[in-house]
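Please have a look at the sequence and the model on the screen, and then we will walk through them together.

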Amino acid sequence: MEDYQEQEYEFLRRLDEERLDRRKLLKRGLAAGAGLTILSLPEAALAARAKALANPPLHGKDMTLADLVKAAKKEGKLNVIALPHDWANYGEIISTFKKKYGLAMDEANPQGSSSEENQAIRSLKGDSRAPDVVDDSPAFAIAGANEGLFAKYFNTKFKTIPRSMKDGRGFWVGDYWGAISFGVNTAVVQNVPKTWADLMKPDYRNKVALNGSPLTSGSAVAGVFAAALANGGSISNVEPGIEFFAKLKQVGNFIPIQANPQTIASGQTPIVIDWDYLNLAYIKEFPSAKIKVVVPSSGAYGAYYCQAINADAPHPFAARLWQEFLYSDQGQLLWLKGGSHPALFNDLAKRKVIPKALLAALPSASSYANVKFAGPSQQTKAKALIASEWPTKVGS
Amino acid sequence: MGTAPFFLYAFLFLLLPAGQVTVGAFENQKGDFTFHNIAQLFHQPNRHYFENSIEISLVTAILGGILGLVIAYAAIREGTPRWVRSTLTTFSGVAANFAGVPLAFAFVATLGVLGVVTAFLKNQLGIDLYGPGIGFSLFTKTGVEIVYLYFQIPLMILVIAPAIDGLKREWREAASSLGASAFQFWWHVGIRILMPSLLGAIVLLFGNAFSAYATAYALTGGGVGLVPVVIGFYLNGNVLSDPHLGQALAFGMFVVLAAMMLIYVPLQRISSRWQR
């Protein structure tokens, strides 16, 4: 499956280059025949340009940014869905985008799930309120692409995005990733746990929580994956992760409360197993909780989200402008500021465009060295196992 | 003709949605007919969800029913000042509708790990509710039952009060003048008169707890697997996405409620025989 995608990607890339070559050739040919065609050329060129502008581009470089901005401004608006302002710095990303391009944004259902995002594309088809862009988890991005919900778009940075984090056909691109971390409220717990085994200590009785039940929350599933990696499991075998939580519950340390900003601030969930970017955001949000974020070196599990554009987007140009903005250095650094690792992180680091203060605020790069990602089939397998075993082993 | 609005209402808001759920329960993702979803209900973990839901509903219905009856009787019977009753019914009217997220929050703030009551017991009396000795937790089945009782008892009080009013003072006087003890009066007269209403009220409480969603969800985030919460997971979760299995679970709930009615109707008939 993956090889097949790689091949397809290679093919598309070559096709892309070929097209460029052909364009170059055409230009040369035109130059040679300039003497003859000089009168008709501007008209033809103008017509071609007008045609290119009428349809949203397939490639980011098919259109200049200025033209894209102009077309987006004509649409005047961008519809987004399921972007909580305290999630991965989306609050600042949205306000910066609005200010920079003078576009209005309609934010629907901020707490929505990936499944609800795809459902909104389906049920609002043809409606002006339909979401233009979605930020899906990979499973739903793949399902949505196969269902024909998304438009193909190769943004200008497409080639720089790591291969494992994009769809070769151009239906979606990975946007940011995070790793599972412990967010510790040190106002309640002085002794910060460093490893998964530490969580079993009697000091942490009734103190360890997940972000929801893994039967409904993707971050909680990730917590199970990470626990599995740390306890002899692998991304294709999460059984040890389920056993870990069963034992954690048995010793009385696990509390089945869904951690949210309120429980974290109040200290009701003093140790939260959740994405690093969420836990890092709480440091600033709740200074009195004195939150420390640890990415456990054993059992580092990461996951990325995916940007996709609605195939029937009511504002197709604004949708593409949004993606160009997100993959610009400015957009990428805004994500990093929220504690998540943007898709182009390695490229940014190589070009040394990341401010030092921003890097210093993150857990050390070495904690992320062994981070593992699960593919869609491993996800499906893990979820099926969790769905059948979690309720009786860990739930009540 | 006067009943037309009722039938229209029942059709649009009861029969139509229920019919759709029933049809959906027998379909697969492609829309073909299948028994697979229904068969799933008898397997783990779905069976476990039904056991949990039925257990919690039965416990809170019976316990809530008994406690509600006793409290209502104490407030209504001869000799209790009039204001007690009006205060109790007003309070019950409010408390019976106090459910969902606010109720869950109220309990977390009092009996949660850091709740006011928990902290008081721990700091002032040295009783650590959540400690290894007692091992209490609000976020378990017991916790959910305690929280449900908060609205089940007042609902029982409201529903049973008119029936208690129906217990005439003369009957009691007649019984005692014939030499009956209090126990004999209750056993041969009181309970028998109250039984039809008592059964009806308990069935109502059962349904009330069985279908409650927001309270349990807000309290445990799905840690205690109850059928309505799990249906929510299947319909809009990030993890389990299988709307037809959700509909099959909903269909299973219809069956449980129908079974409740099948037990209730003959019991009701037997217990109200004396009325005819």
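This is a predicted model: local features need pLDDT of at least 70, side-chain atom pairs count only at pLDDT 80 or more; totals for chains, interfaces and linings use all residues.

Let me begin with a question: is Glu51(B) buried, partly exposed or exposed? Glu51(B) counts as partly exposed, at 42% relative accessibility, where buried means under 20% relative accessible area, exposed means over 50%, and partly exposed lies in between, using a 1.4 Å probe and protein chains only.

Residues are numbered from 1 along each chain as its sequence is written, chains are lettered from A and ligands numbered from 1 in the order in which they are written, and side-chain values use heavy atoms, with hydrogens and water left out.

Staying with Glu51(B), this residue forms a salt bridge with Arg47(B), the closest N and O atoms being 3.6 Å apart; a salt bridge here is a side-chain nitrogen of Lys or Arg within 4 Å of a carboxyl oxygen of Asp or Glu. Both residues lie in helix 3 of chain B, residues 46-76, and they are 4 residues apart, about one turn of the helix. Arg47(B) is also partly exposed, with a relative accessible area of 39%.

Now for chain B as a whole, which has 12 helices and 0 strands, where helices (H or I, at least four residues) and strands (E, at least two) are DSSP runs numbered from the N terminus. Of its 276 residues, 43% count as buried, and the C-alpha atoms fill a box of roughly 70 × 65 × 35 Å along the principal axes. Chain B exposes about 14700 Å², with carbon and sulfur atoms supplying 69% of that area, as computed by the Shrake-Rupley method with a 1.4 Å probe, where for residues only the protein chains shown count as cover.

Chain A, in turn, has 16 helices and 11 strands, and 55% of its 396 residues count as buried. Its accessible surface comes to about 17500 Å², of which 57% belongs to carbon and sulfur atoms. If we take contacts (heavy atoms within 4.5 Å) in chain A with a separation of 6 or more, residues 24 or more positions apart account for 75% of them.

How many salt bridges does the structure hold over all chains? The total is 17, and one of them joins the side chains of Lys337(A) and Glu92(A), at 2.9 Å from N to O. Because Lys337(A) lies in helix 13 (residues 329-337) and Glu92(A) in helix 5 (residues 90-101) of chain A, the pair ties together parts that are 245 residues apart in sequence. Lys337(A) is partly exposed, with a relative accessible area of 41%, and Glu92(A) counts as partly exposed too, at 27%.

Lys125(A) and Asp312(A) form another salt bridge, with their closest N and O atoms 3.4 Å apart. Here Lys125(A) is exposed, at a relative accessible area of 59%, whereas Asp312(A) is partly exposed, at 39%.

Finally, please find Asp167(A), which sits in the loop between strand 4 (150-151) and strand 5 (172-185) of chain A. Asp167(A) is buried, with a relative accessible area of 0%, and its side chain reaches the backbone nitrogen of Phe171(A) at 3.1 Å.

Notes: A polar contact is a pair of N or O atoms within 3.5 Å; within protein, one must be able to donate a hydrogen and the other to accept it, and residues adjacent in sequence count only if both atoms are side-chain atoms.
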